[in-house]
Amino acid sequence: MTQDAPPADGYDSLAEGYTAENDNSLMNAYYERPAALALAGDVAGRRILDAGCGSGPLFAELRARGATVTGIEASAGMLEQARQRLGADADLRVADLADPLPFPDDSFDDVIASLVLHYLRDWGPTLAEMRRVLRTGGRLIASVNHPMAMNLLHRQSGPRPDYFETYDWTEEWTMGGRTAQLRFWNQPLHRMTDAFTAAGFRIDVVSEPHPVPAAREKFPDDFHLLDTFPTFLFFVVQAE
Ligand SMILES: C[S@@+](CC[C@H](N)C(=O)[O-])C[C@H]1O[C@@H](n2cnc3c(N)ncnc32)[C@H](O)[C@@H]1O
């Protein structure tokens with residue numbers, strides 16, 4: 001049962017274009033992904049669930065560092081891109097994070113959820129499932145749109161949404177010549193931290209990273225903006 005239809009249709013039609021963008025963009029390749037990998041640290045030998053793995057760029061990096069990785073993803077189109085990248089042997093499954101996860105208890109040492117929780121209105125059932133499939137002491141590493149940054153942007157561009165409310169909006173993305181509507185949810189920081197603790201996690205790290213310095217020369221116009229104002233917010237929380 002889904003709490004809201006996942007944006008799989010949107011990502012299905014964007015899959016090829018989004019993959020090319022994500023592989024090389026300032027936001028993903030030089031900001032979000034390096035930050036997620038830095039927070040994960042030494043992952044050799046760890047069993048990791050890449051939740052909302054998209055076309056698998058993070059999966060590939062984690063596997064190259066010695067982790068045993070499983071990827072789940074709502075969009076079959078994105079998963080097909082991941083299959084092309086990662087090969088026939090990669091453990092990849094279509095699954096909606098709003099549903100129960102198709103794994104027994106204690107299956108993983110880490111769950112990594114990069115830029116996916118903000119597609120869900122209610123994190124509770126999803127975080128409870130992530131806690132269930134993690135061993136005690138395992139970690140959830142999650143990145144999301146920074147809620148304050150999103151709210152400030154929305155205030156500049158239209159009616160001022162209440163930061164303290166959970167609210168949704170739709171964006172039209174065009175990539176690789178295809179256009180799709182994607183629906184996002186914003187919720188205040190305290191609601192995120194409450195959801196982690198209610199699901200049985202202890203908050204270890206809240207992080208607002210910077211883009212990697214190498215991006216300065218490659219993206220001279222946008223680097224300064226991203227280096228001086230956060231777009232994403234990261235959490236490392238531990239299963240208690
Ligand atoms: C911004 S992309 C990030 C992909 C990947 N984590 C990365 O960082 O490269 C978000 C991904 O989450 C997936 N997604 C969104 N809602 C989902 C849900 N309810 N269950 C599983 N995947 C979902 C989308 O299909 C998309 O591939």
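In strand β9 (residues 232-239), the bridge partner of V144 is L233. Helices and strands are taken here as DSSP runs, a helix being H or I over at least four residues and a strand being E over at least two, with numbering from the N terminus. The structure is a predicted model, in which local features need pLDDT of at least 70, side-chain atom pairs count only at pLDDT 80 or more, and totals for chains, interfaces and linings use all residues. Residues are numbered from 1 along each chain as its sequence is written, and side-chain values use heavy atoms, with hydrogens and water left out.

Strand β5 (residues 134-145) pairs with β9 in the antiparallel sense over seven bridges; two strands count as paired if DSSP finds at least two bridges between them. Nine of the twelve residues of β5 are buried, which leaves this strand mostly covered. Buried means under 20% relative accessible area, exposed means over 50%, and partly exposed lies in between, as found with a 1.4 Å probe and the protein chains only.

## The enclosed strand β4

Why is strand β4 (residues 108-114) described as largely enclosed by the rest of the structure? The reason is that seven of its seven residues are buried.

β4 has paired strands to consider in turn. Strand β1 (residues 47-51) runs parallel to β4 and is joined to it by three bridges, with L49 standing opposite V111. The pairing of β4 with β5 is also parallel, over six bridges. Here V111 stands opposite L140, and S114 stands opposite S143. In a regular strand the side chains alternate between the two faces of the sheet.

β4, helix α5 (residues 124-133) and β5 together make a right-handed β-α-β unit. Right-handed means that, with the strands pointing away from the viewer, the path from the first strand over the helix to the second runs clockwise.

## The ligand and its surroundings

The ligand is surrounded by 21 residues, of which the closest are G52, E73, D96, L97 and S114; a residue counts as near if one of its heavy atoms lies within 4 Å.

N22 contributes a polar side-chain atom, which lies 3.0 Å from an oxygen atom of the ligand. A polar contact is a pair of N or O atoms within 3.5 Å; within protein, one must be able to donate a hydrogen and the other to accept it, and residues adjacent in sequence count only if both atoms are side-chain atoms.

Taken alone, the ligand exposes 590 Å², and the protein buries 98% of that area. Accessible areas come from the Shrake-Rupley method with a 1.4 Å probe, and for residues only the protein chains shown count as cover.

S207 is found in strand β8 (residues 201-207). With a relative accessible area of 16%, S207 is buried. Leaving aside neighbours within four places in sequence, S207 is in contact (heavy atoms within 4.5 Å) with L39, F232, L233 and F234.

H154 has its place in helix α6 (residues 147-157) and counts as buried at 14% relative accessibility. Beyond neighbours within four places in sequence, H154 is in contact with P159, P161, Y167 and W169.
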